Amino acid sequence: MSTETDVANLAAARIGSETRISSLDDDRPLARTLKAVWSIERRATIRAGAWNFAARRGALAQLADLTAAETYPYAAAFEMPSDALRLLEVLDPVARDDYQREGKRVLCNVSGPLYARWLIDVPEASNWDDDFAEAFACRLAWKCGRKIYGGDFDDVKAWKEFEAAISKAAGADAMENPPIEQEESDWILARLGGRI
């Protein structure tokens, strides 16, 4: 289980700083710099993956007060939850391959409710997966490295470390779920004469 301080100090170590903090509220340049970007970079790191700890599912209610012009060429619109960061998947078999996300709405051709999965912000570090904490620390290092370490900081290397951490975490996160059966594409079905 991670703490904010663990992640902040891991980011500092990845930057190459010998400074350590006991809280993001410490009156030190490292703490102030990390705290300034903490929330937005946490949400961006959550959006960068399909983290099980941040995934939620539910039924989205159909919006009734929209005109046909507001949903065209789709028949219906559904409001995403206010805490949703990213739509992961539409679970409805009809709408799964034919929907459009616009702002906080999902447009599609089904009547409600629309079942979906999405990511939410999880501010409490104790609820994070350890691989997420590592990836987040890498992202913080990339974002804050030049300000903390100076001009010699290699932000290209830091970004590659973030991408590698995301890739490693995605593999581990995916192994926690059963395999997803892939549907054959229209092209394959046409070649097989509509049979599998």
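Helices here are DSSP runs of H or I, at least four residues, numbered from the N terminus. Axes are lines fitted to C-alpha atoms over the stretch in contact, and angles run from 0 to 180 degrees between N-to-C directions.

Two notes on the model. It is predicted, so local features need pLDDT of at least 70 and side-chain atom pairs pLDDT 80 or more, while totals for chains, interfaces and linings use all residues. Residues are numbered from 1 along each chain as its sequence is written, and side-chain values use heavy atoms, without hydrogens and water.

Start with α2, residues 29-47, and α4, residues 130-149. They pack at about 135°, axes 9 Å apart. That makes α2 oblique to α4; oblique is what remains once under 35 degrees (roughly parallel), over 145 (roughly antiparallel) and 65 to 115 (roughly perpendicular) are taken out. The crossing is right-handed, meaning the near helix is turned clockwise from the far one by less than a right angle.

Who touches whom? Contact means heavy atoms within 4.5 Å. From α2, the list includes Leu30, Trp38 and Arg42; from α4, it includes Phe132, Trp142 and Lys147. By class, that contact has 13 nonpolar, two polar and five charged residues. Ala, Val, Leu, Ile, Met, Phe, Trp, Tyr, Cys and Pro are nonpolar; Asp, Glu, Lys and Arg are charged; the others, Gly among them, are polar.

Now α1, residues 4-15. Against α4, the angle is about 55°, with axes 7 Å apart. So α1 and α4 are oblique too. This crossing is right-handed. Val7, Leu10, Ala11, Arg14 and Ile15 supply the α1 side; Ala133, Cys144 and Tyr149 are among the α4 partners. The classes here: 13 nonpolar, one polar, two charged.

How values were computed: Helices (H or I, at least four residues) and strands (E, at least two) are DSSP runs, numbered from the N terminus.
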